[in-house]
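Dear colleague,

Please find the structure below, handed over for your work. My notes on it follow directly after.

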Amino acid sequence: MTQAILFLLAALVFVPLAVRAGLGSVLGYLVAGMVIGPVGFGLINDPAAILHVSELGVVLMLFVIGLELEPRRLWAMRSAVFGGGTLQMLICAALLFPVGLLIGWSWQASLVGALAMALSSTAIVVAILQERNLMNRPVGQNGFAMLLFQDIAAIPLLALAAVLGSAAPAADAHATPHTGGPLLQIAAVVGVVLFGRFVAYPLMRFIARIRVRELFTGFALLLVLGVAALMQYVGLSMGLGAFLAGVLLASSEYRHALENDILPFKGLLLGLFFIAVGMSMQLGLVVTAPVQVIVGLLLVVALKALGLWLLGRVVKLEGSQRSMLAILLSQVGEFAFVVLAAAKASTVLPADDADLLTLIAALSMISTPLLLIAFDRFSRPETSERPADTIDEPESPVLLAGFGRYGQIVARTLLSAGIKPTVIDHDADTVDSARRFGFKVYFGDATQPDLLHAAGIGNARAFVIAIDDPAQATHLAHELHKEHPSLPVVARAFDSVHEMDLMDAHVHHAQRETLESSLRSARATLELLGFDRSHARQFADDFRRHTDSGVKQAALMRKDTERDDIIKRMRESREEFERQMQDDLQHQRQHAQARGWSQGDTPSAD
């Protein structure tokens, strides 16, 4: 109980601080582990046991990822997994292998150390890809394919460490209790496929009919852990087994229910895993051997990043996506701890050298969030090396920047009125997709004066900003006002603060993207509660006028008024509006009762 409280308390303190500072949740968990672990306050002194249990978080994460990949999609990734994954391991290990030889290690120790450090962290990389919505982008797909291959290659690495060493590996929680060779492993995989197809589906239908939610949750956990345990028993990775189980159930009608039941356990155990990694760091080596630690960390991260950057061209990534791939996989993975422990037990790596590499691996996990912050700050945003399209119809009265879900509705409405806008978007995938559906969209950066001139901005009667990035939208609005002050601009606003930023840029009309849809939902809700249609519409109209007035007042005040004073005034204005609306509603009820209106025509009191 005490340990559970410490874990939760440390996570609730350090993770929000790290996220607020822009460092990401993973770094927060690692710092929390360092603080409460043996090198910190020493509140928990057995991080190894916690690490073994918490690795179930990585297993559950791979199961959830598998649920999002149908078998056909996985088959389509086979070249990326075995082609790109193999190249990643070979290139990174080839760059790291000479380092061991140069410092006097044997070729056996250098080989095992290089292969272990070539592994990357599935937990960290996938968490970042999901956090940044990159899983379905080329950099995310290639990165995940390489991680999947590493998971497949991890078991042979353990065997290699044992073969090259002079002693058998000591018993370990990660060591496979039984290996039956390739035939047994193939039989296990086939058995899992058949079980998923002919047993799991009927069982889920039976349990779903019982309508006991916790029983379905228990079956989901049993399914994942059972398959993972079977894969480990035959000498394969637990994570690989969980991923395979997820893929087999990706086409099931219970996919979303399984995902919802597993997600809370995955999140808690994955956070516990990162805390345990933080606790496991032998930070004493930073004091006793600072040069080796710092130089080793720099060499490992830099050489891996270099190898991945070179590989990016082979897997057809360009520009910033190559750099993103290099940073994302530049850290050392969690399974490297297992390989290094096996190498230490078999004496292929001396104990001191294994401890040094383990610390470097753990510190490299901290480097990734920091490198991403630097990348976001100093890299020039770009989506492709593709040159801007030539605009061959520069006479449209409307220029539209951005063709996402917001810009598409604007464009289609204009087209229905007989107005053909010139549409520009900076995302190559969006442009190509729009053209397949028959829309004429040009690729390019709408902030570039040359492109706008070619698009006929001098003859345009209106400019619509529908970009989904608030900072870029505001920048474009300022540039348009600076270069074309007489051109009316209609802009998409992310929220009320962004709307005020656009007002400062002198746009003609700024529209919050969710305001009208939210008001329509509110009207529908009022009507369901018994309000007649005219009263529901009146409430929505009154709220629209109130919020528009409030934003305009705040925009005027925020230049000369403290933020707390603005918040206070806005709160007072909101409370006054709600009181006024309640008074109006009460007056309408009394008026309706006096005139003897029926209940169906009277606004409900509930």
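Is Asn 142 buried or exposed? With a relative accessibility of 15%, Asn 142 counts as buried, because the cut-off for that class is under 20%. Please bear in mind throughout that this is a predicted model.

Asn 142 and its surroundings

Asn 142 belongs to helix α9, which covers residues 138-164. When neighbours within four places in sequence are set aside, the residues in contact with Asn 142 are Val 315 and Leu 317. Lys 316 is found in the loop between α15 (290-314) and α16 (320-328). Lys 316 counts as exposed, because its relative accessibility is 72%, and exposed means over 50%.

Backbone angles

Most residues other than glycine have a negative phi.

- Lys 316 is not a glycine, yet its phi is positive, at about 70 degrees.
- His 506 is likewise not a glycine and has a positive phi of about 65 degrees.

His 506 is located in the loop that connects α23 (496-504) with β6 (509-512). Its relative accessible area is 54%, so His 506 is exposed.

The sheet

How many strands form the open sheet, and in what order? There are six, arranged as β3-β2-β1-β4-β5-β6, and their pairing is parallel. At the edges are β3 (441-443) and β6, each of which pairs on one side only. From one strand to the next, the twist averages 20 degrees.

Within this sheet, strand β1 (residues 398-401) and strand β2 (residues 422-425) run parallel and are joined by three bridges. Leu 399 stands opposite Thr 422, the latter being in β2.

Helices on the sheet

Two helices may be described together with these strands. Helix α20 (residues 428-436) lies across β2 and β3, and its direction is at about 155 degrees to that of β3. Helix α22 (residues 470-483) also packs on the sheet, where it touches β1, β4 (462-465) and β5 (489-493). The direction of α22 makes about 160 degrees with that of β4.

The open sheet has parallel pairing, with α20 lying across β2 and β3 and α22 touching β1, β4 and β5.

With kind regards

Technical notes:
Residues numbered from 1 in each chain as written. Predicted model: local features only at pLDDT ≥ 70, side-chain atom pairs only at ≥ 80, totals over all residues. Heavy atoms only, no water. Helix = DSSP H or I, 4+ residues; strand = E, 2+ residues; numbered from the N terminus. Buried < 20%, exposed > 50% of the residue type's maximum accessible area, 1.4 Å probe, protein only. Contact = heavy atoms within 4.5 Å. Pairing = 2+ DSSP bridges. Axes fitted to C-alpha atoms, helices over the stretch in contact; angles between N-to-C directions.
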